[in-house]
Amino acid sequence: MAIFLSEGEEVIRTYKCAKVDFKSSDSALEAFGIGRKEPKTDCTVTVTNRRVIYFAESATPSSGTGMPSMHSQEAFVDRIASMEFIQAEAKRHSAFPFALSVLGLVITIMSLMAGKSLYLVPGIAVLAIGLAVFVPSLLVVRPLMLMRVNTTASEGGIHVSGLSRKEEDTLSFYMVPDPEFMRMSKEIGALVLDIQNRGDDCIGSWKE
C-alpha cells in the first residue's frame, strides 16, 4: 500500500487487521457451505500522526470488470471519539438443514409404514442432503470480526455510489481477522489518545 502523506504527516504503526474475499458473501449459500472460504486479500490499518486509514485492495483484477476490488476508509485522529473491536466465532445457520433432515426422515418413515416405495427414494435423498448440511453446520465455525471507529463529526461527508441503498445494505464480504487484529485492538486506542494529547512528541516512543 502506497499512502500519500500530507506535509508533516508520518506513519507510526501499520497493522494487518484482516483478510477479505471481495466476492460478495451470501448468508443463505453459506448455510449450505457453498462459496470460497479462503480470503487472501490483506486489510491494513495504518495510523499516522494525522489519520487512521483502513485499506484493502485485491491483488488480481476482477474477471468481470478487469479492475481490482478495493475498500478504503479513513478518520482524522483529532476527531476520533471512541473505538469498538469484536473478534468472535459463529456457526452456520442450522435451522433450515435441520428442518430438511426432519422432513426427509418423516417422508422415509411414512413410506416404509405405508409400504409405498415410490416416496422412499426421495425421502432418503432429502434426509441425506439435510444431514450432509446440518452436521457440518454444527461442527464448522466461522471467525467474525468488527472494527468501528466513531468520530465527533455528525455529517455524512462525501458519498459517491453506483449502488442503490438496498444494494448497499446487503453488500457484504467474507472477512476473517488476522492474527494482528488482537494486538491492534489492544494498543490503537492508547496510540490515538497519545497523539491527541501529546501530538508529534509521542511519535518517537511509539516507533521504538
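Which backbone nitrogen does the side chain of T48 reach at 2.8 Å? In this predicted model, the backbone nitrogen in question is that of R51, and the side chain of T48 also reaches the backbone nitrogen of R50, in that case at 3.0 Å. T48 lies in strand 2 and, because its relative accessibility is 0%, counts as buried. When residues up to four places away in sequence are set aside, T48 touches L5, E9, E10, V11 and I12, together with V77 and I195.

The setting of this residue is a chain whose secondary structure amounts to six helices and seven strands, arranged along the sequence in the pattern β-α-β-β-β-β-α-α-β-α-β-α-α. Of the 208 residues in the chain, 27% are buried, and the accessible surface comes to about 13,400 Å², with carbon and sulfur atoms accounting for 60% of that area. Among the contacts that join residues at least 6 apart in sequence, 75% are between residues at least 24 apart.

The largest nonpolar core comprises 25 residues, among which C17, V45 and V52 have the most contacts inside the core. Two or more residues are contributed to this core by each of strand 1 (11–24), strand 2 (41–48), strand 3 (51–57), helix 5 (180–198) and helix 6 (203–207). For V52, leaving aside neighbours within four places in sequence, the contacts include V45, T46 and V47, and they extend to Q73, E74, A75, V77 and I80 as well as to I188 and V192.

For C17, the nearest cysteine sulfur is that of C43, at 5.5 Å; because a disulfide requires a pair of cysteine sulfur atoms within 2.5 Å, C17 is in no disulfide.

How values were computed
Residues numbered from 1 in each chain as written. Predicted model: local features only at pLDDT ≥ 70, side-chain atom pairs only at ≥ 80, totals over all residues. Heavy atoms only, no water. Core = buried A, V, L, I, M, F, W, Y, C linked by side-chain atoms within 4.5 Å. Buried < 20%, exposed > 50% of the residue type's maximum accessible area, 1.4 Å probe, protein only. Helix = DSSP H or I, 4+ residues; strand = E, 2+ residues; numbered from the N terminus. Contact = heavy atoms within 4.5 Å. Polar contact = N/O pair within 3.5 Å; in protein donor to acceptor, adjacent residues only side chain to side chain. Areas by Shrake-Rupley, 256 points an atom, 1.4 Å probe, with all protein chains shown as cover.
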